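Work through the exercises below with the sequence and the model at hand. Each task is followed by a solution in steps.

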Amino acid sequence: MHDDITLTTGRVQRVLTERIWPAVHGTSVPLGVEWHVLPGEPVPPQEGLALAMEPYEVGTPWGRAWGTTWFRLTGSVPAEWAGRAVEAVVDLGFDASMPGFQAEALVYRPDGTTVKSINPRNQYIPVVDAAVGGEQVELLLEAASNPVLLGHDMFRQTQEGDTRTSSPRPLYTTRRMDLVIFEAEVHGLALDVEVLLELQAELPTGRRRMRILQALDDALDVLDLQRIPETAAAARTALVDVLASPAEASAHEISAVGHAHIDSAWLWPVRETIRKVARTTSSMADLIDRTDDFVYGMSSAQQYAWVKEHRPEVWARVKEAVASGRFLPLGGMWVESDTVMPSGEALARQFSQGQRFFEREFGLRSHGVWLPDSFGYSPALPQLVRRAGFDWFFTQKISWNQVNKFPHHTFWWEGIDGSRVLTHFPPMDTYNSQLSGEEVARATRQFNESRHATGSIAPVGYGDGGGGTTREMTGKAERLADLEGSAKVRWEHPDAFFERAREELAAHATSDSAVWVGELYLELHRATLTSQHKTKQGNRRNEQLLVEAEVWAATASARTGADYPYDELDALWQQVLLLQFHDILPGTSVAWVHREAMEQHAAITAGAQEIIERSLRTLVGEGDTALRANPAVFAQAGVPALGVAPASGPAAAASTLTELPDGGYVLANDLVRVTLDGAGHVTSAIDLATGRDAVAPGREANVLQLHQDFPNKWDAWDVDRFYRNSVTDLRAAEKVTATVDEGVAVVTVRRTFSSSTLEQVITLAPGSRTLEVALETDWHEAEKFLKVAFPLDVRAEHMAAETQFGFHKRVTHTNTSWEAAKFETSMHRWVLAEEPGFGVGLVNDSVYGYDVTREVSDDGVAPAPGVPEVTTTVRLSLLRAPRFPDPETDQGIQTHRYGLVVGVDTAAATEAGATFGARPRELRGGAGVEPLVSVSGGVTLSAVKLADDRSGDLVVRVYEALGRRASGTVTVAAPVSGARTVSLIEDDIEGGAADLTSDGAVAVELSPFEVRTLRFTRA
Ligand SMILES: [Zn+2]
């Protein structure tokens, strides 16, 4: 036979695209249309529904960037359509090649109830399933003309990302607003043909593929292209046999879950996300009503809270669908946050605020953490996920790695403390599946655990304004349930998938079971540790202030009976948690979002400060004694951790400052002696106890370095490794001054470079090992990366970097591609380069990125002929200047504080990091305050607060910070009658009983990096 596969597939493709799909909505009549363009921001639906309307002609351009237009569509169903399914079709001017990111509309009935949304690939509105004829139709559309910022012309600089700079011209032109007959049989035929066409493309040339091709030819032979609705049924008959042939016994199994990845803010502001969520949830509630087995999963308590507050009519439908088990609250977090940068307490609150919301509103909890799309995952997460009561973890993003292919899809992920959580990455490599044949085959082909496991998860649906899952996707799932040559697809709750995966892994547990230890480093988007500095600075500041506010408020409650500000703290935490969303904290949103983030962080700071000041005033009482409150979990300035004491002068002798003949300075105290050259660079920093110099021989530390930084893609997200190839050291000092101020040696250096200026105030305080630098930069650069370099005379095999509740180590060499890919990595408050007996730390108040390189000199001179000299250079990442999506990223005044800590180990680095950003507060009052909670024996405090259940119980979270075993106590200096260990989110746990001594103490044994949450009943 003269076979020609291409001829058949070409025929089927053309008929499907040009004839069958367009015939789904065949016969139509135009609707009458009126409109009202809002002058500014959106109005509540009740106002929108009542707006005065003017006639509108389809084809008229509409919608300036970020505008809202209300349309009213009216008409009546023609009498001759009796018995037919009738829909409205609305094309707002969509580009169907992009599923989301464009204009969208939510469709209301005149009574204010919602029907569903209109999206680029989801343009229909159900009107009546079986018309009688003559029905009056009235629909109202709240249409948002959102600009496309990441379209075909990707990563081009644009002013459209903020309503303050966007252009007023209309962005869209409507094409169609019609009443139509929905041809269900044609729709069925289109899906039959598409599924088979896509399936055969993935099959080897053999009996199954050829049978499908023949059936497709047979179907098209009986399909009359001028009478498609009339002949669709006959064409479908030709496909019955090939569609009925069942899947192979060991076919891969796909657990599909309806999904729409809606970024809580990104290329649009939060106010638009609120509407995006309402539109998509409305459509998903409609699809649930029209199907039997489809389930839709949505994460982020915040998104549910928005629907509840802003679209009560949609909320009622969501609640109903959740109650029926078809709408699945997933993830148990407040938002899908970044997990690399938030503090341990903040991650704990993501879980507690998320689960509390789900419990309160739906009476249920999530069993797993759902994070398809944040930029790398902290090695502290497995423990936090488990201790918060979750059984599983889900992500997909690591498939975006630039270099290394992640080896597992279903595996145990082990964190810094040894906790393991069952983790799944979909081998389909997407969180926006359309259930195409190509995607389904890819999942089958790529799945790494096929030896032991039967299947994988597929999140199915268009996100970010795509409207979620479509009826075409549910139609495909129906056909792929049991189809020869394909993976088997079924809708199910991810919990069911993970339960099966757990059993399958357990049944085949061998020494080479899939386990990944440590961070899930994303080999991409590394610059998200630095972009939008003020958003990051606000985050660090407010995480800390809220923990402090809880400490003083809890202390005031226990000591004076003051009211604990539960509502205020919940509201402030929820704002911080939202701003940790994975496009806000990483600095990858439009200008509008970051402008609002800055304003919100300022408001959160004010709110937290108010609670702190109010609580401290209550605690110290009336009086004029100079007092010092220590918010740090380590004693400092003569004040115990979390206590208030009379202010005393420095215990150590004043630091000295000596000017050198070459214009440099020596700053010294009892512990360290630091030499600066005439340009303000650190040429030596000697630990007086050991005589060791922190600075590499012949090198200078605290040198600012400027790189060209223009990545190939994803400007705000990415720094590409070639950025290191060119660098300018900012050596010239315009002005250097020095003084001793109240015992603190101070050198101030002013520099001008390129279009910017900066000032470094370098200080050495009495009794401190930390040479502190306060940096203020007036930053006016484009596509540059500013770093500050510290070449250290330390032969460090590893760098230790703080993460949540502990630290982790990364090797300093690049032996393998995995290590080479980590050329920009994350930290919290400190990093440490250490060799046995001597270490040098760098601490900071708002930095999250650093890099490290090692140098080996064997120049025959130092330290002795033939002896190599190995040094380690650590650089903090300070500022970037990407132009997309915010063309003005980080321009203007920026501040940082960082410090070089000379002669420390992990314990001292931990303490230096914790105190660096939590300086004592000076205040006046009657008397000092004994700390409410104190710890001993290597136990570190993290939080002291009243319980979320508002019982008045005291909750104390502690951890082991150094990776060793701790044996100590937690003591409460207030009347308490009982104690127990609870989960990270304050739930009772099995075996949680703890013995309380008569003096309010509990003995605590902690494993390396263990986090423990204790709950004390107030007497
Ligand atoms: Zn995302």
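**Exercise 1.** Are α16 and α17 roughly parallel or roughly antiparallel to each other?

Solution. The model is predicted, with pLDDT of at least 70 needed for local features and 80 or more for side-chain atom pairs to count, while totals for chains, interfaces and linings use all residues. Residues are numbered from 1 along each chain as its sequence is written, and side-chain values use heavy atoms, leaving out hydrogens and water.

Step 1. Helices (H or I, at least four residues) and strands (E, at least two) are DSSP runs, numbered from the N terminus. Axes are lines fitted to C-alpha atoms, for helices over the stretch in contact, and angles run from 0 to 180 degrees between N-to-C directions.

Step 2. The axes of α16 and α17 are 10 Å apart, and the packing angle is about 150 degrees.

Step 3. Angles under 35 degrees count as roughly parallel, over 145 as roughly antiparallel, 65 to 115 as roughly perpendicular and the rest as oblique. Therefore α16 and α17 are roughly antiparallel to each other.

Step 4. The crossing is left-handed (the near helix is turned anticlockwise from the far one by less than a right angle).

Step 5. Contact (heavy atoms within 4.5 Å) involves E568, L569, L572, Q575 and V576 of α16, and I604, G607, A608, E610, I611 and R614 of α17. By class, this contact has six nonpolar, two polar and three charged residues. Here Ala, Val, Leu, Ile, Met, Phe, Trp, Tyr, Cys and Pro count as nonpolar, Asp, Glu, Lys and Arg as charged, and the others, Gly among them, as polar.

**Exercise 2.** Describe the packing of α15 against α16.

Solution. Step 1. Helix α15 spans residues 533–560 and helix α16 residues 566–578; their axes come within 10 Å and cross at roughly 160 degrees. That makes α15 roughly antiparallel to α16.

Step 2. This crossing is left-handed. On α15 the contact uses N539, N542, E543, L546, V547, A549 and E550, and on α16 it uses L569, L572, W573 and V576.

Step 3. Seven nonpolar, two polar and two charged residues make up the contact of α15 with α16.

**Exercise 3.** At what angle do helix α3 and helix α5 pack?

Solution. Step 1. Helix α3 (residues 184–201) and helix α5 (residues 228–237) have axes 8 Å apart and an angle of about 45 degrees. The two helices are therefore oblique to each other, and their crossing is left-handed.

Step 2. E185, V186, G188, L189 and D192 of α3 meet I228, P229, A232, A233, A235 and R236 of α5. Classed, these are seven nonpolar, one polar and three charged residues.

**Exercise 4.** Which residues are the protein donors of the zinc ion?

Solution. Step 1. Donors are N, O and S atoms within 2.8 Å of the metal (3.2 Å for Na, K and Ca); water is not among the atoms, so sites may look incomplete. H261 (NE2), D263 (OD), D373 (OD) and H582 (NE2) lie 1.9 to 2.1 Å from the zinc ion.

Step 2. Along the chain the donors follow the spacing H-x1-D-x109-D-x208-H. D373 lies in the loop between β16 (368–370) and α11 (381–387), and H582 in the loop between α16 and α17 (591–620), so the pair ties together parts that are 209 residues apart in sequence.
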